[in-house]
Amino acid sequence: MDITMTKDEHKARTARSYKLILLFAMVSMTMMFAGLTSAFVVSKSRVDWLKDFELPTAFYYSTLVILGCSVTFHLAKKAIQKDNKAATTTFLFATLAMGILFVILQFVGFGQIVENGYYFTGAESSITTTFLYIVTVVHLIHLAGGLISLLIIIYNHFKQKYNSSQTLGIELGAMYWHFLDFLWVYLFVFLYFFK
């Protein structure tokens, strides 16, 4: 029995392993957010729950921005598969810029909530805004991981580590960003309809 593996077989096996690890991580993150949103639903029956709370307008814009991140990361992946390194660079930097804009818009949204007289902590806070704060901050922590991985991908791209036959890093990054985008859209829709 031949136990030696060709280079292509080894690369394919490595890619499957990394994708499986990422998939398990995304499933565990999904379970955590499912728990948070379940607690949100249960807490709605509390007498101190805000019934007339509206999401800040910055959250609407941030939703559009994060959807744009998925598009540009997908385009970066397609560009590197065609060995179009200039387009890959453009789309990776566009994703980074929109990712940073998403974070900024989230903090603008927090500011809008406070301007409307709702606080996240302290005596003047409510359980509604505290839950909103926890859910969005936990998502932002995961997004920080996405931004760090994107910076590493950009660095590796400039080191010429990606081409049409070596796209694993960009593929994994795209998978994670699509997950982050899906997760935020889920949270946004959930918060919009179940406030």
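Ile-170 is buried, with a relative accessibility of 0%; buried here means under 20% relative accessible area, exposed over 50%, and partly exposed in between (1.4 Å probe, protein chains only). The model is a predicted one: local features need pLDDT of at least 70, side-chain atom pairs count only at pLDDT 80 or more, and totals for chains, interfaces and linings use all residues. Residues are numbered from 1 along each chain as its sequence is written, and side-chain values use heavy atoms, with hydrogens and water left out.

Ile-170 lies in helix H5. Helices (H or I, at least four residues) and strands (E, at least two) are DSSP runs, numbered from the N terminus. A contact requires heavy atoms within 4.5 Å.

The protein contains 5 helices and 0 strands. Its elements follow the order α-α-α-α-α from the N terminus. The C-alpha trace spans about 70 × 40 × 25 Å along its principal axes. Of the 195 residues, 42% are buried. Among contacts with a separation of 6 or more, 84% join residues 24 or more positions apart.

Helix H1 (residues 7–43) and helix H4 (residues 127–158) have axes that come within 10 Å and cross at roughly 170°. H1 is therefore roughly antiparallel to H4. On the H1 side, the contact is made by Met-29, Met-32, Phe-33, Leu-36, Ala-39, Phe-40 and Ser-43. H4 contributes Thr-128, Phe-131, Ile-134, Val-135, Val-138, His-139 and His-142. Axes are lines fitted to C-alpha atoms, for helices over the stretch in contact, and angles run from 0 to 180 degrees between N-to-C directions. Angles under 35 degrees count as roughly parallel, over 145 as roughly antiparallel, 65 to 115 as roughly perpendicular, and the rest as oblique.

Thr-72 sits in helix H2 (residues 57–81). Its relative accessibility is 10%, so Thr-72 counts as buried. With residues up to four places away set aside, Thr-72 touches Phe-91, Ala-94, Thr-95 and Met-98. Thr-72 and Thr-95 are separated by 23 residues in sequence, yet their C-alpha atoms are 5.7 Å apart.

The structure holds 1 salt bridge, defined as a side-chain nitrogen of Lys or Arg within 4 Å of a carboxyl oxygen of Asp or Glu. Lys-19 pairs with Glu-171, and the closest N and O atoms are 2.7 Å apart. The bridge links distant parts of the chain, with Lys-19 in helix H1 and Glu-171 in helix H5, 152 residues apart. Lys-19 is partly exposed, at 29% relative accessible area.

The protein exposes about 10700 Å², of which carbon and sulfur atoms supply 68%. Accessible areas come from the Shrake-Rupley method with a 1.4 Å probe; for residues, only the protein chains shown count as cover. Val-41, Tyr-60, Val-189, Tyr-192, Phe-193 and Phe-194 form a nonpolar surface patch with about 550 Å² of accessible area together. Patches are made of residues with over 30% relative accessible area and no salt bridge; like charges are joined within 9 Å, and nonpolar side chains (Val, Leu, Ile, Met, Phe, Trp, Tyr) within 5 Å. Helix H5 (residues 168–193) supplies the largest share of the patch, 3 residues. Phe-194 belongs to the segment after H5. At 40% relative accessibility, Phe-194 is partly exposed. Ile-170 and Phe-194 are 24 residues apart in sequence, and 35 Å separates their C-alpha atoms.
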